[in-house]
Amino acid sequence: MKEVDTMNAYDEYMKGIVQPMRQELVDAGFTELTTPDAVNEFMASAKGVSLVVINSVCGCAAGLARPAVRQAVEAVKPDHQATVFAGQDKDATMAMRGFFEEVPPSSPSIAVLRDGQLEYFIPRDQIEGYPVEQITEHLTGVLKQACAQ
C-alpha cells in the first residue's frame with residue numbers, strides 16, 4: 001500500500017479552496033503578495049497611498065471585507081492596492097504585519113498607508129458583525145481623506 005503525503009494533499013486542497021478568495025481581490029486590481037520578498041519590494045516602492053488587505057478564509061472576509069473593499073476602490077482609487085493571505089501565505093503576512101506592528105494581528109483587516117507608514121487600520125472587530133454597506137462607507141471615507149492629502 002502506497003503511503004499518501006497528507007500534508008501535500010492538505011496544501012493542495014487548501015490552495016483549491018482559497019483560489020477564488022484570492023482571485024476576488026486580484027480581479028479588483030490588488031497585487032497579491034505571497035512571499036516576504038514580494039512584501040518588502042512592494043513596501044519599498046509604494047509611494048503615496050496604499051490599501052493593504054489582510055485576506056482570510058473566514059465568513060466575515062468573504063461576506064463583508066472583500067465586498068466592501070471592492071466597492072470602496074471603485075469609488076476611490078488609492079495609488080497602490082495589495083493583499084496578503086493570512087493562514088495561507090504566513091511568511092508574507094508576517095512580513096506585512098511588520099510594517100504596522102503597533103496594531104495587534106487581525107484577519108481580515110484593512111490598512112491604509114502613506115509612503116509605507118500606517119495612517120489608518122480597520123481590524124476584524126470593525127468588520128465582523130457590521131453591514132457591508134457600513135464597512136464600505138467607512139473605508140471609502142478613509143480613502144477619500146487619505147487620497148485628498
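Where is F30 placed, relative to α1 (6-26) and β1 (31-32)? F30 sits in the loop between these two elements, α1 (6-26) and β1 (31-32). Welcome to this structure, which is a predicted model.

**F30 and its surroundings**
- F30 counts as buried because its relative accessibility is 3%, and the cut-off for buried is under 20%.
- Setting aside neighbours within four places in sequence, F30 has contacts with L25, L51, V53, V69, V73, Q81, A82 and T83.
- R70 is 40 residues away from F30 in sequence, and their C-alpha atoms are 9.5 Å apart in space.

**Cysteines**
- The structure has 0 disulfides.
- C60 takes part in no disulfide, and the nearest cysteine sulfur to C60 belongs to C58, at 3.3 Å; a disulfide would need the two sulfur atoms within 2.5 Å.
- With a relative accessibility of 6%, C60 is buried.
- C147, in turn, has a relative accessibility of 31% and therefore counts as partly exposed.

**S106 and its surroundings**
- You can find S106 in the loop that lies between α4 (90-97) and β4 (109-114).
- S106 has a relative accessible area of 11%, so S106 is buried.
- Not counting residues up to four places away in sequence, S106 touches I54, R97, F121, P123 and R124.

Notes
Residues are numbered from 1 along each chain as its sequence is written. This is a predicted model: local features need pLDDT of at least 70, side-chain atom pairs count only at pLDDT 80 or more; totals for chains, interfaces and linings use all residues. Side-chain values use heavy atoms; hydrogens and water are left out. Helices (H or I, at least four residues) and strands (E, at least two) are DSSP runs, numbered from the N terminus. Buried means under 20% relative accessible area, exposed over 50%, partly exposed in between (1.4 Å probe, protein chains only). Contact means heavy atoms within 4.5 Å.
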